[in-house]
Amino acid sequence: MASGFFVLLDDIAAIMDDVAVMSKVAAKKTAGILGDDLAVNAEKASGFASSRELPVLWAISKGSLLNKIIILPIAFLLSAFFPIAIIVILVLGGLFLAYEGAEKIYEFFFPHQHASEGITEETFTEEEILALEKDKIKSAIVTDFILSVEIVIIALGTVIGQPISSQIAVVSIIALIATIGVYGIVAIIVRMDEVGFKMIQHSKKEKSILKTIGNLLVQALPKVIKALTVIGTIALILVAGGLFVHNIEFFHHLLPQFPSILKEFIVGLVVGFIVLAIVNLLKKLFGKKAH
């Protein structure tokens with residue numbers, strides 16, 4: 001009886017070890033999306049009044065958790081009864097990611113005119129401010145839903161041949177990391193300037209270490225968000241390229257002399273700009289018909 005109990009414990013330990021290994025692989029595969037998720041949410045959670053940043057972030061975090069509660073069961077059902085759908089979704093997700101990455105690069109070199117969302121002299125009532133806040137939260141949750149689908153499907157793609165119990169464990173771990181980890185880091189990022197201001201206020205000397213660090217934190221916030229955006233864009237292209245290379249036979253055998261990371265980046269970039277060109281062409285065609 002005792003020996004059977006220890007065998008069971010050994011089996012559980014082996015399963016947990018496998019889950020840990022697979023979770024590491026899945027985390028590496030989804031790292032690009034998590035980087036982009038971090039950049040997008042840091043941008044969306046900033047720009048509010050200091051007292052509202054954390055409540056807004058908490059509201060977005062709850063929406064993100066609800067997104068994953070909706071997405072996970074659907075993903076597991078597809079994996080169990082219609083696994084080919086996971087590959088199709090992975091490729092479609094790759095097209096979306098490649099397009100998103102290419103669009104960001106195109107926007108960098110050929111910026112469009114955007115309506116200014118900065119601070120204006122216009123005075124808003126409390127109701128109007130709360131309405132604007134709700135709109136931004138809804139927008140952030142919708143964006144999170146798209147990114148969550150990508151994270152879950154990519155994570156699921158790494159364990160598609162494993163038992164359903166392992167799939168549930170690994171993908172659920174990645175989903176939790178994507179929610180708690182990303183929004184925890186976002187909370188730290190958006191409060192950087194506030195911490196910096198507090199340090200400056202508490203500094204009694206003109207040239208103190210506290211004041212220097214405070215100034216660095218205040219100045220670093222926009223640079224950190226910009227750096228995350230750049231890293232996230234590169235990661236989007238790499239993840240998209242990896243999805244095409246690993247799931248489409250033609251791309252798998254393309255450019256065999258190139259290192260895998262360079263091949264994935266080239267494939268992701270080329271496909272991204274092809275999709276971007278098609279989307280822009282369709283926009284122009286439908287735009288002309290509308291007029």
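A residue is called buried when its relative accessible area is under 20%, exposed when that area is over 50%, and partly exposed in between, with a 1.4 Å probe and only the protein chains counted. The model shown in these views is predicted, so that local features need a pLDDT of at least 70 and side-chain atom pairs count only at pLDDT 80 or more, while totals for chains, interfaces and linings use all residues. Residues are numbered from 1 along each chain as its sequence is written, and side-chain values use heavy atoms, with hydrogens and water left out.

**View 1. The chain and its helices.** The chain has nine helices and zero strands, where helices (H or I, at least four residues) and strands (E, at least two) are DSSP runs numbered from the N terminus. Of the 291 residues of the chain, 36% count as buried.

**View 2. Ser61 and Thr179.** Ser61 lies in helix H2 and counts as buried because its relative accessibility is 13%. Although Ser61 and Thr179 are 118 residues apart in sequence, their C-alpha atoms are 6.8 Å apart in space.

**View 3. A nonpolar surface patch.** Leu65, Leu66, Ile69, Ile70, Ile74, Phe96, Val142, Phe145, Ile146, Leu176 and Ile180 make a nonpolar surface patch of about 990 Å². Two or more residues of the patch come from each of helix H2 (50-81), helix H4 (126-157) and helix H5 (164-190), and the largest share, five residues, is given by H2. Leu65, which is placed in helix H2, counts as partly exposed because its relative accessibility is 40%.

**View 4. The packing of H3 and H7.** Two packed helices are described by the angle between their axes and the distance between the axes. Helix H3 (residues 84-109) and helix H7 (residues 209-247) pack at an angle of about 150 degrees with their axes 8 Å apart, where axes are lines fitted to C-alpha atoms, for helices over the stretch in contact, and angles run from 0 to 180 degrees between N-to-C directions. The residues of this contact of H3 with H7 divide into 14 nonpolar, five polar and two charged.

**View 5. Leu255 in a loop.** Most residues other than glycine have a negative phi. Leu255, which is not a glycine, has a positive phi of about 50 degrees and is found in the loop between helix H8 (249-252) and helix H9 (260-290). Leu255 counts as partly exposed because its relative accessible area is 23%.

Note on methods
Patch = residues over 30% accessible without salt bridge, like charges linked within 9 Å, V, L, I, M, F, W, Y side chains within 5 Å. Areas by Shrake-Rupley, 256 points an atom, 1.4 Å probe, with all protein chains shown as cover. Salt bridge = Lys/Arg side-chain N within 4 Å of Asp/Glu carboxyl O. Nonpolar A, V, L, I, M, F, W, Y, C, P; charged D, E, K, R; others polar.
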